Amino acid sequence: MSTTTHVSIPTTPHTTPRPRTVESVHGGGELHWVGDGFRVHTLVPSGGLRQERTSPFLLLDYHPPFAYPALDKGQRGVGWHPHRGFETVTLSFEGSVAHRDNAGHAGVIGPGDVQWMTAASGILHEEYHEPGFSRRGGTFHMLQLWVNLPRKDKMSPPGYQPITKEQIPVVPVQAGGAVTDDSKVRVIAGGYGEAKGPARTFTPITLLEVKVRAGERFELPLPSNHNALVLVTRGRVSADAEMVRGGELAVFANDGDSLSLRAEEDTHLVVLAGEPIREPIAHTGPFVMNNHREIIQAIYDFESGAFGEIPR
Ligand code: MN
């Protein structure tokens, strides 16, 4: 006599992605100058916005389109200054930035390019409008992000990833669709569909620059524990029951496993998402560490020249 064991074969449960709701929308507010070259809205941090919802992003300075007049001589921007404990990520949409640091990196970030600079243990750098752009004048449109590093990586060596426009995969908004001027996804970090972004990151991060045509939907599967922010630079999208307009930042709740947006107009937006770093933050000026003692050390190291020399 034989016995038959019935083994139940597990079937993959059919789950539909749960779109996240919008927790808050931030925008408007004061424009302020960083040096004399960058006229920005600081959208992270913003009033009422908790770091636990924006981590690993510490800061988002958005420079809306602004036409600079031609400059005969001199440079607009920010002179030599230090950073420690995080990364600065600069995206140019229009206009060009020239960068130089004391770890031996220099370059121009032009339209479509991304600079991913790891300050980590310490770097000195300068950020100016590119000289040719300054002489001609013109519209400048960009953003800069500060991305936190986990405690274990804060004192690692500085790094620099100059990511050119050509290195960034461009894929359709919807699988099987076409890439057009007003409908495309540029994958800078993390993935979208099959495409992977070129940026190397210390913690999981998704950074996408997206154009969505009026009436089109943009859907991004995202683990529910990853924080998610969407900056709309032009146009208008609806997400959940909220409308997000040009110049506004939508912060999503961690209550679903996808972002689901509908363009109400032709829209240009940036998706910033990532796994939060759950560690204490101590922040003073250009230094972001885990505690006050490390901030004092950073100030001491900077003042005593441990960040190195300013190149000639
Ligand atoms: Mn800087």
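The structure is a predicted model, in which local features need pLDDT of at least 70 and side-chain atom pairs count only at pLDDT 80 or more, while totals for chains, interfaces and linings use all residues. Residues are numbered from 1 along each chain as its sequence is written, and side-chain values use heavy atoms, with hydrogens and water left out.

**The manganese site**

- The manganese ion is coordinated at 2.1 to 2.5 Å by His-81 (NE2), His-83 (NE2), His-125 (NE2) and Glu-127 (OE). Donors are N, O and S atoms within 2.8 Å of the metal (3.2 Å for Na, K and Ca), and sites may look incomplete because water is not among the atoms.
- Along the chain, the donors of the manganese ion follow the spacing H-x1-H-x41-H-x1-E. Strands (E, at least two residues) are DSSP runs, numbered from the N terminus.
- His-81 counts as buried, at 16% relative accessibility, and His-125 likewise counts as buried, at 0%. Buried means under 20% relative accessible area, exposed over 50%, and partly exposed in between (1.4 Å probe, protein chains only).

**His-99 and its surroundings**

- His-99 lies in strand S7 (residues 97-101) and is buried, with a relative accessible area of 3%.
- The side chain of His-99 makes a polar contact with the side chain of His-125 (3.3 Å). A polar contact is a pair of N or O atoms within 3.5 Å; within protein, one must be able to donate a hydrogen and the other to accept it, and residues adjacent in sequence count only if both atoms are side-chain atoms.
- Not counting residues up to four places away in sequence, the residues that His-99 touches include Met-117, His-125, Glu-126 and Tyr-160. Contact means heavy atoms within 4.5 Å.

**The seven-stranded sheet**

- Seven strands form an open sheet in the order S2-S3-S4-S11-S6-S9-S12, with antiparallel pairing. Two strands pair if DSSP finds at least two bridges between them.
- Strand S2 (32-34) and strand S12 (159-163) stand at the edges with a single partner strand each, so one side of each is left without a neighbour in the sheet.
- Neighbouring strands of this sheet are turned by 25° against each other on average, direction ignored. Axes are lines fitted to C-alpha atoms, and angles run from 0 to 180 degrees between N-to-C directions.
- Strand S4 (residues 57-68) is largely enclosed by the rest of the structure, because nine of its 12 residues are buried.
- Three bridges join strand S3 (residues 38-44) to S4 in the antiparallel sense, and nine bridges join S4 to strand S11 (residues 138-148), also antiparallel.
- Tyr-62 in S4 stands opposite His-41 and also opposite Leu-143 in S11.
- Strand S6 (residues 86-94) pairs with strand S9 (residues 114-118) in the antiparallel sense over five bridges; Thr-90 stands opposite Gln-115 in S9.

**The four-stranded sheet**

- Four strands form an open sheet in the order S18-S23-S20-S21, and the pairing is antiparallel. Its edge strands are strand S18 (217-221) and strand S21 (242-245), each of which pairs on one side only.
- In this sheet, neighbouring strands are turned by 25° against each other on average, direction ignored.
- Strand S20 (residues 236-239) and strand S23 (residues 258-263) pair over three bridges in the antiparallel sense, and Val-237 stands opposite Ala-263 in S23.
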